[in-house]
Amino acid sequence: MLVVIRKDYEEVSREAARIVAGAVHQNPEVVLGLATGSTPLGLYKELIALHRNGNLDLSAATTFNLDEYLGLAPSHPQSFHYFMEHNFFSQVNVPRDQIHIPDGTISSDYEGYCARYEQSIKAAGGIELQLLGIGRNGHVGFNEPTSSLASRTRLKALSRETIEDNRHFFSDGTEMPKCAITMGIGTILDSRRVLLLASGSSKAAAIAKAIEGPITSSVSASALQMHPDVTFIIDEEAAYSLTQRDYYRHVLEMTQLFTPERLS
Ligand code: PGA
(Lines give C-alpha, C1' and ligand atoms only; values in the text may rest on other atoms or scores of the structure.)
Protein backbone atom coordinates (compact mmCIF):
# COMPACT_ATOMS: atom_id res chain seq x y z
CA MET A 1 0.00 0.00 0.00
CA LEU A 2 1.13 3.50 -0.71
CA VAL A 3 0.30 6.09 1.91
CA VAL A 4 0.72 9.63 0.61
CA ILE A 5 0.45 12.24 3.35
CA ARG A 6 -0.17 15.81 2.22
CA LYS A 7 -0.46 19.03 4.19
CA ASP A 8 -4.16 19.71 3.76
CA TYR A 9 -7.32 19.09 1.79
CA GLU A 10 -6.24 21.24 -1.16
CA GLU A 11 -3.04 19.27 -1.58
CA VAL A 12 -4.91 15.97 -1.28
CA SER A 13 -7.33 17.11 -4.00
CA ARG A 14 -4.54 18.25 -6.31
CA GLU A 15 -2.56 15.03 -5.88
CA ALA A 16 -5.65 12.93 -6.56
CA ALA A 17 -6.50 15.01 -9.65
CA ARG A 18 -2.98 14.55 -10.96
CA ILE A 19 -3.36 10.77 -10.72
CA VAL A 20 -6.86 10.66 -12.23
CA ALA A 21 -5.83 12.96 -15.10
CA GLY A 22 -2.74 10.79 -15.62
CA ALA A 23 -4.93 7.69 -15.92
CA VAL A 24 -7.11 9.45 -18.52
CA HIS A 25 -4.08 10.65 -20.50
CA GLN A 26 -2.61 7.16 -20.44
CA ASN A 27 -5.86 5.58 -21.62
CA PRO A 28 -8.60 7.94 -22.86
CA GLU A 29 -11.03 4.99 -22.76
CA VAL A 30 -10.40 4.54 -19.05
CA VAL A 31 -13.15 3.14 -16.82
CA LEU A 32 -13.34 5.20 -13.64
CA GLY A 33 -15.11 4.28 -10.41
CA LEU A 34 -16.45 7.48 -8.85
CA ALA A 35 -17.47 8.45 -5.33
CA THR A 36 -19.70 11.10 -3.77
CA GLY A 37 -19.43 12.93 -0.45
CA SER A 38 -17.61 16.05 0.65
CA THR A 39 -14.17 14.49 0.25
CA PRO A 40 -13.96 14.17 -3.56
CA LEU A 41 -15.44 17.65 -4.20
CA GLY A 42 -12.00 19.28 -4.37
CA LEU A 43 -10.79 16.59 -6.75
CA TYR A 44 -13.80 17.16 -9.03
CA LYS A 45 -13.12 20.93 -9.00
CA GLU A 46 -9.53 20.30 -10.05
CA LEU A 47 -10.64 17.97 -12.85
CA ILE A 48 -13.19 20.51 -14.06
CA ALA A 49 -10.46 23.18 -14.14
CA LEU A 50 -8.20 20.86 -16.15
CA HIS A 51 -11.07 20.21 -18.56
CA ARG A 52 -11.79 23.94 -18.98
CA ASN A 53 -8.15 24.59 -19.76
CA GLY A 54 -8.22 21.95 -22.46
CA ASN A 55 -6.07 19.53 -20.48
CA LEU A 56 -8.61 16.81 -19.77
CA ASP A 57 -10.81 15.13 -22.34
CA LEU A 58 -13.27 12.66 -20.86
CA SER A 59 -15.19 12.01 -24.07
CA ALA A 60 -14.01 8.39 -24.26
CA ALA A 61 -14.12 7.65 -20.53
CA THR A 62 -16.73 5.46 -18.85
CA THR A 63 -17.77 5.95 -15.22
CA PHE A 64 -19.44 3.82 -12.58
CA ASN A 65 -20.54 5.37 -9.32
CA LEU A 66 -20.27 3.43 -6.11
CA ASP A 67 -23.69 3.93 -4.65
CA GLU A 68 -27.07 5.65 -4.47
CA TYR A 69 -29.71 6.06 -1.79
CA LEU A 70 -32.69 3.79 -2.23
CA GLY A 71 -35.88 5.76 -2.80
CA LEU A 72 -34.35 8.95 -4.18
CA ALA A 73 -35.02 9.99 -7.76
CA PRO A 74 -32.16 11.54 -9.76
CA SER A 75 -33.84 14.94 -9.41
CA HIS A 76 -33.76 14.80 -5.59
CA PRO A 77 -31.12 17.28 -4.35
CA GLN A 78 -29.71 14.69 -1.92
CA SER A 79 -29.46 11.91 -4.48
CA PHE A 80 -26.02 10.95 -5.67
CA HIS A 81 -27.25 11.36 -9.24
CA TYR A 82 -27.93 15.00 -8.48
CA PHE A 83 -24.60 15.38 -6.66
CA MET A 84 -22.65 14.00 -9.61
CA GLU A 85 -24.55 16.02 -12.17
CA HIS A 86 -24.23 19.24 -10.20
CA ASN A 87 -20.62 18.85 -9.06
CA PHE A 88 -19.05 17.10 -12.00
CA PHE A 89 -20.87 15.76 -15.04
CA SER A 90 -22.55 19.04 -16.06
CA GLN A 91 -19.08 20.61 -16.26
CA VAL A 92 -17.07 17.95 -18.07
CA ASN A 93 -17.63 15.92 -21.23
CA VAL A 94 -18.33 12.33 -20.23
CA PRO A 95 -21.02 11.20 -22.73
CA ARG A 96 -24.34 10.47 -21.01
CA ASP A 97 -24.47 6.85 -22.15
CA GLN A 98 -21.05 6.23 -20.60
CA ILE A 99 -22.18 7.36 -17.11
CA HIS A 100 -23.48 4.70 -14.72
CA ILE A 101 -24.96 5.38 -11.28
CA PRO A 102 -27.10 2.85 -9.41
CA ASP A 103 -30.79 3.63 -9.81
CA GLY A 104 -32.31 4.53 -6.44
CA THR A 105 -35.86 4.35 -7.77
CA ILE A 106 -36.04 0.60 -8.34
CA SER A 107 -38.71 -1.08 -6.26
CA SER A 108 -38.49 -4.74 -7.23
CA ASP A 109 -36.01 -7.38 -8.32
CA TYR A 110 -33.17 -5.70 -6.44
CA GLU A 111 -30.90 -8.70 -6.91
CA GLY A 112 -31.47 -8.75 -10.65
CA TYR A 113 -30.79 -5.02 -10.92
CA CYS A 114 -27.57 -5.27 -8.89
CA ALA A 115 -26.38 -8.28 -10.90
CA ARG A 116 -26.91 -6.24 -14.08
CA TYR A 117 -24.88 -3.34 -12.60
CA GLU A 118 -22.05 -5.79 -11.93
CA GLN A 119 -22.42 -7.15 -15.44
CA SER A 120 -22.18 -3.70 -16.99
CA ILE A 121 -18.91 -3.08 -15.11
CA LYS A 122 -17.56 -6.34 -16.50
CA ALA A 123 -18.80 -5.55 -20.01
CA ALA A 124 -16.93 -2.23 -19.88
CA GLY A 125 -13.72 -4.13 -19.14
CA GLY A 126 -13.69 -3.65 -15.35
CA ILE A 127 -12.82 -0.56 -13.37
CA GLU A 128 -9.31 0.75 -13.97
CA LEU A 129 -9.21 3.34 -11.19
CA GLN A 130 -11.65 3.38 -8.29
CA LEU A 131 -11.97 6.51 -6.13
CA LEU A 132 -13.06 6.10 -2.54
CA GLY A 133 -13.81 8.22 0.48
CA ILE A 134 -14.06 6.64 3.91
CA GLY A 135 -16.76 6.94 6.55
CA ARG A 136 -16.01 7.57 10.22
CA ASN A 137 -17.05 3.96 10.76
CA GLY A 138 -14.60 2.76 8.10
CA HIS A 139 -17.18 2.19 5.38
CA VAL A 140 -16.27 2.47 1.72
CA GLY A 141 -19.19 3.02 -0.60
CA PHE A 142 -22.09 2.11 1.67
CA ASN A 143 -20.41 -1.08 2.82
CA GLU A 144 -21.27 -0.63 6.45
CA PRO A 145 -19.43 -2.47 9.24
CA THR A 146 -19.91 -6.25 9.03
CA SER A 147 -20.37 -6.15 5.25
CA SER A 148 -18.94 -9.30 3.75
CA LEU A 149 -15.47 -8.68 2.40
CA ALA A 150 -16.58 -10.67 -0.65
CA SER A 151 -19.78 -8.65 -1.17
CA ARG A 152 -20.94 -7.52 -4.60
CA THR A 153 -23.33 -4.75 -5.64
CA ARG A 154 -26.46 -5.11 -3.52
CA LEU A 155 -29.07 -3.46 -1.40
CA LYS A 156 -27.56 -2.48 1.94
CA ALA A 157 -29.19 -1.26 5.14
CA LEU A 158 -27.47 1.90 6.37
CA SER A 159 -25.94 1.90 9.84
CA ARG A 160 -27.25 4.15 12.57
CA GLU A 161 -23.96 6.09 12.47
CA THR A 162 -24.27 6.78 8.73
CA ILE A 163 -27.89 7.82 9.10
CA GLU A 164 -26.89 10.21 11.91
CA ASP A 165 -23.92 11.57 9.91
CA ASN A 166 -26.11 12.34 6.90
CA ARG A 167 -29.39 13.30 8.52
CA HIS A 168 -28.61 17.04 8.39
CA PHE A 169 -28.65 16.86 4.58
CA PHE A 170 -32.33 15.92 4.80
CA SER A 171 -33.53 18.93 6.77
CA ASP A 172 -36.00 19.75 3.98
CA GLY A 173 -38.41 17.23 5.49
CA THR A 174 -37.55 14.30 3.21
CA GLU A 175 -37.18 11.19 5.28
CA MET A 176 -33.55 10.05 5.47
CA PRO A 177 -33.22 6.88 3.38
CA LYS A 178 -32.63 3.72 5.39
CA CYS A 179 -31.03 1.73 2.58
CA ALA A 180 -28.76 2.20 -0.39
CA ILE A 181 -27.57 0.31 -3.42
CA THR A 182 -23.81 -0.01 -3.23
CA MET A 183 -21.01 -1.78 -5.01
CA GLY A 184 -19.66 -4.45 -2.71
CA ILE A 185 -16.21 -4.78 -1.20
CA GLY A 186 -15.53 -7.62 -3.64
CA THR A 187 -16.53 -5.30 -6.49
CA ILE A 188 -14.12 -2.63 -5.23
CA LEU A 189 -11.31 -5.15 -4.77
CA ASP A 190 -11.72 -6.21 -8.42
CA SER A 191 -10.78 -2.74 -9.67
CA ARG A 192 -7.22 -2.57 -10.92
CA ARG A 193 -6.22 0.43 -8.86
CA VAL A 194 -7.79 2.11 -5.83
CA LEU A 195 -7.36 5.70 -4.65
CA LEU A 196 -8.76 6.42 -1.20
CA LEU A 197 -8.94 10.04 -0.12
CA ALA A 198 -9.40 11.29 3.42
CA SER A 199 -9.14 14.65 5.07
CA GLY A 200 -9.63 15.96 8.59
CA SER A 201 -9.35 14.71 12.14
CA SER A 202 -12.77 13.04 12.08
CA LYS A 203 -11.28 10.43 9.74
CA ALA A 204 -8.06 9.75 11.71
CA ALA A 205 -9.33 6.74 13.65
CA ALA A 206 -10.90 5.09 10.59
CA ILE A 207 -7.71 5.67 8.55
CA ALA A 208 -5.50 4.15 11.25
CA LYS A 209 -7.75 1.08 11.47
CA ALA A 210 -7.95 0.74 7.68
CA ILE A 211 -4.18 0.90 7.15
CA GLU A 212 -2.69 -0.51 10.33
CA GLY A 213 -5.49 -2.46 11.95
CA PRO A 214 -6.42 -6.08 11.34
CA ILE A 215 -8.43 -6.97 8.24
CA THR A 216 -11.94 -7.17 9.55
CA SER A 217 -15.48 -6.77 8.30
CA SER A 218 -15.94 -4.37 11.24
CA VAL A 219 -13.84 -1.87 9.23
CA SER A 220 -14.70 -2.34 5.57
CA ALA A 221 -11.77 -0.22 4.35
CA SER A 222 -9.32 -2.64 6.00
CA ALA A 223 -10.12 -5.05 3.13
CA LEU A 224 -8.02 -2.76 0.93
CA GLN A 225 -4.95 -4.31 2.59
CA MET A 226 -5.64 -7.25 0.28
CA HIS A 227 -5.58 -5.09 -2.86
CA PRO A 228 -2.31 -5.09 -4.82
CA ASP A 229 -2.44 -1.44 -5.93
CA VAL A 230 -4.02 0.90 -3.43
CA THR A 231 -2.95 4.46 -2.71
CA PHE A 232 -4.23 6.36 0.30
CA ILE A 233 -3.99 10.12 -0.21
CA ILE A 234 -4.66 11.74 3.13
CA ASP A 235 -3.91 15.00 4.88
CA GLU A 236 -1.91 15.46 8.09
CA GLU A 237 -5.04 15.50 10.23
CA ALA A 238 -6.40 12.27 8.80
CA ALA A 239 -2.92 10.70 9.18
CA TYR A 240 -2.63 11.74 12.82
CA SER A 241 -3.21 8.30 14.39
CA LEU A 242 -0.94 6.33 12.06
CA THR A 243 2.09 4.94 13.87
CA GLN A 244 4.29 4.32 10.80
CA ARG A 245 4.26 7.73 9.14
CA ASP A 246 8.05 7.90 8.73
CA TYR A 247 8.06 4.53 7.05
CA TYR A 248 5.31 5.59 4.62
CA ARG A 249 7.42 8.62 3.65
CA HIS A 250 10.41 6.34 3.09
CA VAL A 251 8.29 3.96 0.96
CA LEU A 252 7.15 6.93 -1.10
CA GLU A 253 10.71 8.14 -1.70
CA MET A 254 11.79 4.66 -2.78
CA THR A 255 8.73 4.32 -5.01
CA GLN A 256 9.56 7.64 -6.64
CA LEU A 257 13.08 6.37 -7.23
CA PHE A 258 12.41 2.84 -8.47
CA THR A 259 8.78 2.53 -9.63
CA PRO A 260 7.53 6.08 -10.25
CA GLU A 261 4.79 4.74 -12.54
CA ARG A 262 2.97 3.61 -9.38
CA LEU A 263 2.56 7.27 -8.51
CA SER A 264 1.72 8.60 -11.93
P1 PGA B 1 -17.46 12.31 3.21
O2 PGA B 1 -18.06 10.83 3.21
O3 PGA B 1 -16.55 12.38 2.04
O4 PGA B 1 -18.65 13.19 3.07
O5 PGA B 1 -16.74 12.46 4.51
C6 PGA B 1 -17.22 9.76 2.99
C7 PGA B 1 -17.99 8.47 3.11
O8 PGA B 1 -18.90 8.38 3.95
O9 PGA B 1 -17.67 7.53 2.36
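## An open antiparallel sheet

Arg 154 stands opposite Thr 182 in β8, and β7 and strand β8 (residues 179-182) pair in the antiparallel sense over four bridges. Helices (H or I, at least four residues) and strands (E, at least two) are DSSP runs, numbered from the N terminus, and two strands count as paired if DSSP finds at least two bridges between them. The model is predicted: local features need pLDDT of at least 70 and side-chain atom pairs count only at pLDDT 80 or more, whereas totals for chains, interfaces and linings use all residues. Residues are numbered from 1 along each chain as its sequence is written, and side-chain values use heavy atoms, with hydrogens and water left out.

The strands β4, β8 and β7 form, in that order, an open sheet of three strands with antiparallel pairing. Because β4 (67-69) and β7 (154-157) stand at the edges with a single partner strand each, one side of each is left without a neighbour in the sheet. Neighbouring strands of this sheet are turned by 30 degrees against each other on average, direction ignored, where axes are lines fitted to C-alpha atoms (for helices over the stretch in contact) and angles run from 0 to 180 degrees between N-to-C directions.

Buried here means under 20% relative accessible area, exposed means over 50%, and partly exposed lies in between (1.4 Å probe, protein chains only).

Strand β2 (residues 31-34) pairs with β6 in the parallel sense over two bridges, and Leu 32 stands opposite Leu 129 in β6. The pairing of β6 with β9 is also parallel, over four bridges, and in β9 the bridge partner of Leu 129 is Arg 193.

## Nonpolar cores

The largest nonpolar core has 39 residues, of which Leu 196, Ile 207, Leu 224, Phe 232, Ile 234 and Leu 242 touch the most other members. A nonpolar core is a set of buried Ala, Val, Leu, Ile, Met, Phe, Trp, Tyr and Cys residues joined through side-chain atoms within 4.5 Å. The elements that each supply at least two residues of this core include β1 (2-6), α4 (110-123), β9 (193-198) and α7 (204-212), and the largest share, five residues, comes from α7. Apart from this core lies another, of 36 residues, among them Leu 56, Val 94, Val 251 and Leu 263.

## Two buried polar residues

Ser 220, found in the loop between α7 and β10, is buried, with a relative accessible area of 1%. A polar atom of the side chain of Ser 220 lies 2.7 Å from the backbone oxygen of Asn 143.

His 81, in helix α3 (residues 80-87), is buried with a relative accessible area of 19%. Leaving aside neighbours within four places in sequence, His 81 is in contact (heavy atoms within 4.5 Å) with Glu 68, Pro 74, Ile 101, Pro 102 and Asp 103.

## The ligand's surroundings

The residues surrounding the ligand (one of their heavy atoms within 4 Å of it) are Gly 37, Ser 38, Thr 39, Gly 133, Ile 134, Gly 135, His 139 and Lys 203. An oxygen atom of the ligand is 2.5 Å from an N or O atom in the side chain of Thr 39; for the side chain of His 139, the corresponding distance from a ligand oxygen atom to an N or O atom is 2.6 Å. In the side chain of Lys 203, an N or O atom is 2.5 Å from an oxygen atom of the ligand.

Note on methods. Polar contact = N/O pair within 3.5 Å; in protein donor to acceptor, adjacent residues only side chain to side chain.
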